[in-house]
Amino acid sequence: MPDTLLRFTVNNEPRSVETLPMKRLLDVLREDLHLTGTKEGCGEGECGACSVMLDGRLVNSCLIPALQVEGCCIQTIEGVANATKLHAIQQSFITNGAAQCGICTPGMVMAALELLNTYPDPTDEQIRNGLAGNICRCTGYMRIFEAVVRAVHP
Amino acid sequence: MHKSLMGQAVPRKEGIEKVTGRARYIDDLTFPGMLHGVTVRSQVPRGRILGIFFEGDIPWDEFVIVTAKDIPGHNAVALILEDQPYLADEFVNHPEEAVVLLAHHDRYLLEEARRQVRIDIEPLPAIFSLEDSLARKEIIWGEDNVFKSYLMEKGDLDSVWPLADYVVEGEYRTGAQEQLYIEPNGMIAVANAHEGVTVWGSLQCPYYVHKALVKLFDLAEDRIRVVQAETGGGFGGKEEYPSMIAGHAALLAWKSGRAVKIIYDREEDMVATTKRHPSRTRIKSAVTKEGKLLGAEIDFVIDGGAYATLSAVVLSRGTIHAAGPYVWPNLRVRSSAVATNMPPHGAFRGFGAPQSIFAMERHLNEVARTVGLEPDELRRRNFLHEGESTATGQIIREKIDLPGLMDRAFVQADYHAKRARFAAENGSGNIRKGIGFATFMHGAGFTGSGERYLKSVVALEATPAGRVRILMSSTEIGQGTKTIFSQIAADALGIDYDLIELAQPDTANVPNSGPTVASRTCMIVGKLVESASLGMKQTLIGSGFYDPSDFPQGCKLYLEKFATLKTVAEYQAPPGVFWDDTKYQGEAYGAYAWAVYVAEVSVDLTTYETHVDDFVALQEVGRVLHPVLAAGQIEGGVAQGIGFAIYEKVAWKNGRMANGQMTNYIVPTSADLPPIRVFFEENPYTYGPGGAKGIGELPLDGPAPAILNAIEMAIGRPVNHIPLTPEDLCA
């Protein structure tokens, strides 16, 4: 299959790449655009380490073919903090010890953003279910729950 | 005036990089002209290689191909014994054994090519269980399939059987468990005759990899360099296998003259790399009608897989921990690690102890039932106290109050009231409730003489900017090493936390502070950081340049006068430590952490699903240096322990893991876990930095027996094997 020119927006910047249409969005981000903050943990949509926002909804970028993002808006972990300040959820992850080894953290932060977009003041149950698509092997999740709660109620 | 940082939740050193995605893990790095590498594996559990054929419509002349014939030095992964080849030459001994390495710049074509390598193997009879190995159904390793065995004795066990009111016997089993760090293993190598060999990678122990590469390439030590990249979790899984991957990447780089990256995908990582040793423990104990333990015979066996790797030391820790925190006047523990034709099992947080502790904590519930005592009362009558001796004859010199810890844990868990209520309500309905607990201890640091042989070294240097840099090979793998060591150094120097930095673990630049294993980093290496920091402070004071109000300025003035400021600390054993490696007697560990864990469960008698509803983890780990990181260590370990108990099952098929995917190897998610409630009892340890002891492995020991003890209460019958999935419970 020949390379295809794809145009889309990443972290509010218009981008175009010439790439295999069935290449995984994960690889387009990491290899073509050098946005290595998005991680591969399993390559089959189970672990959530590759989570990004696609038109405002959380997706596993390892399951999205490049062709599908033509004309779409993507937000990755690199687009969460602004130039001078961490996002409240990022700061809360640091303060509350929600990042240990850090490899699931970018995806977990994206999942937490989606959670807070959906439920601005989530219940414990909503937090547990909202983050259940993202596997963390270090923390046992308790610090991550705490980080989400404290991001809302500092 | 410097305010002590001990016990303060300072922000973690590398926190910002991790939450912004800027932290660079090995797969985030690329080198100019870099090739990708893959491994072609045996797929046959045991046999003789007849030939290797490169087939299909593949431009083979574009590929770098490495087999055993290309190895410049010694074809064995140097660790304890050198029995495991980097690349199988004539014989294969497990189905994931590396035989051929391929490299190419196009990783899609590389994957095609991997499938077109045909390795013809004449099969030989293979064995897949520790029973078959013990029975010597086939001899597949050495003379008797035994990698290592120990005999640990105390008192005169044979004399107790006639004195016993009861003799209780049981058999207990634990399964393999995958570490499942979320970052799969990976390495990048640059290697040529001119520059020597350099590898960057995801790893726990830079000097283990260094030692292995020295032998593999037969090069001088200073020609091999190992650098740790940011590492996305280890849990023991990146203790030994990185030496294999580093060697493979380096062999491809050596032959091609190009940088080569090998990144395992999830399935390859799960099926080919090490997992927790499956185990079988048989316990026969003698007890009086008052519930006093008189003695026990323990037979502990672990399945080591095809090669020796670390099995001997995993077995050692499991053997010593088999007796638990109890007074056993008479004891005999026989243990062995045996060979099977499965990929070698290896280090996983807890390192043999979770297996044997599971057995003892289940066994004591059976003893209690036999004697007619409550499980807690039986333990109360047999706990170790200060001045009493452990299984190895080590006199406990710490102030330890296990009954007090148990009382406190029970209050937090509302144990007694719940136990009474569940017992009354369990007669009807499909959901049965149970509450159970485990009491245990975990030794920190290397066993016996290990730390004295290791002689770890830490260095501290002043940077030109007047900051302080810690040099050591201990690795940050998520646990918070950088943060804790910065706290320790800042406190000892009496300076600001932000003035401390850490050198990247790089064998060309840092001394060998030993491997990042065995709950030793904080207690052992942290103490060296403290010593080196105090040394630097003394040097500055002695020369008149110590200025706590403007430390960098003082440092700069010192450097102007003397050019360098560097202090070094080497491990010294605490006084009075004695260990006999042949009899397994003496001071097994410098210090123990002590714990009581309580689990509350629901068992659904329709689906046979078990859910853990509440979990209390109370422990004494000396002084807690950083409350948030310490709680994070316990919570994460408990979550892994819950997985070990009821979720994580490796499906074996002819020596291969058949469920090497996160789709069908199930680890707990945020929706599965109970509240994990962590409590610390603080009791400063004299020889640890700021009074701290080891913490990392402890939380793996308690969850499985606590949960199975709760399940026993819920369903009214004992179950003595894990993982206990719904299928296992209904069987």
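**Helix packing, core and chain contact in the predicted model**

Helix α8 of chain B passes α17(B) in a right-handed crossing (the near helix is turned clockwise from the far one by less than a right angle). The model is predicted, with local features needing pLDDT of at least 70 and side-chain atom pairs pLDDT 80 or more, while totals for chains, interfaces and linings use all residues. Residues are numbered from 1 along each chain as its sequence is written, and chains are lettered from A in the order in which they are written.

Helix α8 covers residues 353–371 of chain B and helix α17 residues 703–715; their axes lie 8 Å apart at an angle of about 30°. α8(B) is therefore roughly parallel to α17(B), a term for angles under 35 degrees. On the α8(B) side, B:P354, B:I357, B:F358, B:E361, B:R362 and B:N365 meet B:A704, B:P705, B:L708, B:N709 and B:E712 of α17(B). These residues comprise 6 nonpolar, 2 polar and 3 charged.

The largest nonpolar core contains 283 residues; such a core joins buried Ala, Val, Leu, Ile, Met, Phe, Trp, Tyr and Cys residues through C-beta atoms within 7 Å, buried meaning 20 or more other C-beta atoms within 10 Å. B:I707 is among the residues with the most contacts inside this core. Beyond four places in sequence, the contacts of B:I707 include B:G436, B:A599 and B:I642 (C-beta atoms within 7 Å).

Chains A and B each give 40 residues to their contact. On the chain B side, α1 (15–20) and α16 (627–647) each supply at least two residues, and α16(B) provides the largest share, 7 residues. That side has 18 nonpolar, 14 polar and 8 charged residues.

How values were computed:
Buried ≥ 20, exposed ≤ 12 C-beta atoms within 10 Å, placed from the backbone. Contact = placed C-beta atoms within 7 Å. Axes fitted to C-alpha atoms, helices over the stretch in contact; angles between N-to-C directions. Helix = DSSP H or I, 4+ residues; strand = E, 2+ residues; numbered from the N terminus. Parallel < 35°, antiparallel > 145°, perpendicular 65-115°, else oblique. Nonpolar A, V, L, I, M, F, W, Y, C, P; charged D, E, K, R; others polar.
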